[in-house]
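Please read the following report alongside the sequence and the structure.

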Amino acid sequence: MTLDMLKKGTSENFLLKQIIKRNFTTKYKDSVLGILWSFLNPLITMVLLTAIFSTFFTRSIENFPVYFMAGRCVIDFFNSGTKIAMKSIKSNRSILQKIYIPRYIFAIGGICSEFLNFLMSLIVMIAIMIVTGAPFYLMSLLAIIPIATLVILITGVGLMLAIVCTKFTDIEYLYKIFTSLLVYACAIFYPMDIVPQPIRGYMELNPVYGIIAQFREFVMYGRFPSQTIMLTTIAFSIIIFIIGVIVFVKYQNKITLEL
């Protein structure tokens, strides 16, 4: 029994690695610059938005390029990770209809491939910190906490979307609108201080913004963020993860039959 479980685990690990590799390479296969776009895309966006918005927020935002990149890394990972998980079952229906493969493998593999892009964005952010003379703090190592929280949140949302999107195709278009609005609701390129109450209070309930705020506190200022925000965000992400797993496990077989 134990040997069978080990063999299954080994085969699933191999499959997961292949899915991650396929998703990561497919994203850049038709591009001349290939993987370099993972570095150039956030860098070009940062330069353009810095040129536009830094003059408006010079006094209220210290080191605008790093401020922007810290938020951009998080929001891009959330958007791309949940979207690729959302399409994971639909885009692999031809495989799922022929042989049995654990359905969650495709969602998790997609999220992992986007996590690699996230890590490359962090490299760009570190390079920008060096160029702009931003200080590095030992406390920044604790940024792993909001990053782990983000992965949990993405996985939970992604698993739910994978089921819902297979049943209701329109959710894909609605979610695209939602993620576009989410970018503006997370204070990526502006300080939250300029948002009047009570709108600011509602925006601060957004768990993605909470993760961004924590990430910035650790990386940019080397200090511990609000424990209330941290605990609330972690608790919310874990709840979403549990709900996502329950929904996925309950409906995965039924959804596959309807492909």
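At 44% relative accessibility, Arg 223 counts as partly exposed, because the value falls between the 20% and 50% limits. This and every other value in the report refers to a predicted model.

**Salt bridges**

The side chain of Arg 223 meets that of Glu 217 in a salt bridge, with 2.5 Å from N to O. By the rule used here, the count of salt bridges comes to four. Side chains of opposite charge can pair when their charged atoms come close.

Another of these pairs is formed by Arg 72 and Asp 76, whose closest N and O atoms are 2.2 Å apart. Both residues lie in helix α3, which covers residues 64-86, and they are four residues apart, or about one turn of the helix. Arg 72 is buried, with a relative accessible area of 13%, whereas Asp 76, at 29% relative accessibility, counts as partly exposed.

Lys 90 forms a salt bridge with Glu 172, and here the closest N and O atoms are 3.9 Å apart. This pair links distant parts of the chain, since Lys 90 is in the loop between α3 and α4 (93-96) while Glu 172 is in helix α7 (residues 170-185), 82 residues apart. Glu 172 counts as partly exposed at 22% relative accessibility.

| Lys or Arg partner | Asp or Glu partner | N to O distance |
|---|---|---|
| Arg 72 | Asp 76 | 2.2 Å |
| Lys 90 | Glu 172 | 3.9 Å |
| Arg 223 | Glu 217 | 2.5 Å |

Through shared partners, salt bridges also join Lys 87, Lys 90 and Glu 172 into one network.

**The interior**

In soluble globular proteins, nonpolar side chains tend to be buried together. In this model the largest nonpolar core has 65 residues, and those with the most contacts inside it are Phe 78, Met 125, Cys 186, Val 208 and Phe 215. Helices α1 (2-26), α3, α5 (104-132), α6 (144-167), α7, α9 and α10 each supply at least two residues of this core, and the largest share, 13 residues, comes from α3.

Which residues does Phe 215 contact, once its neighbours within four places in sequence are left aside? Phe 215 is in contact with Ala 70, Val 74, Leu 122, Met 125, Ala 143, Pro 146 and Ile 147. Met 125 is itself among the residues with the most contacts inside the core.

Cys 186, also among those core residues, is one of the contacts of Asn 206, which, leaving aside neighbours within four places in sequence, touches Leu 182 and Ala 185 as well. Asn 206 lies in the loop between α8 (199-203) and α9 (207-221), and with a relative accessible area of 14% this residue is buried.

**Helix α10 and the surface**

A nonpolar surface patch of about 400 Å² is made by Ile 152, Ile 238, Phe 241, Ile 242 and Ile 246. The largest share of the patch, four residues, comes from helix α10, which covers residues 227-257. Ile 246 has its place in that helix, and at 52% relative accessibility Ile 246 counts as exposed, because the limit for that class is over 50%.

Val 245 also lies in helix α10, but at 30% relative accessibility Val 245 counts as partly exposed. Val 245 and Gly 156 are 89 residues apart in sequence, yet their C-alpha atoms are 6.6 Å apart in space.

**Backbone details**

Most residues other than glycine have a negative phi, and most peptide bonds are trans. Against that background, Asn 63 has a positive phi of about 55° although it is not a glycine. Asn 63 is found in the loop between α2 (37-53) and α3, where, at 22% relative accessibility, it counts as partly exposed.

Ala 187, likewise not a glycine, has a positive phi of about 50°. Is Ala 187 buried or exposed? With a relative accessible area of 0%, Ala 187 is buried, and its place is in the loop between α7 and α8. Pro 198 is also in the loop between α7 and α8, and a cis peptide bond, with omega of about 0°, joins Gln 197 to Pro 198.

Conventions:
Residues are numbered from 1 along each chain as its sequence is written. This is a predicted model: local features need pLDDT of at least 70, side-chain atom pairs count only at pLDDT 80 or more; totals for chains, interfaces and linings use all residues. Side-chain values use heavy atoms; hydrogens and water are left out. Patches are made of residues with over 30% relative accessible area and no salt bridge: like charges are joined within 9 Å, nonpolar side chains (Val, Leu, Ile, Met, Phe, Trp, Tyr) within 5 Å. Accessible areas come from the Shrake-Rupley method with a 1.4 Å probe; for residues, only the protein chains shown count as cover. Buried means under 20% relative accessible area, exposed over 50%, partly exposed in between (1.4 Å probe, protein chains only). Contact means heavy atoms within 4.5 Å. A nonpolar core is a set of buried Ala, Val, Leu, Ile, Met, Phe, Trp, Tyr and Cys residues joined through side-chain atoms within 4.5 Å.
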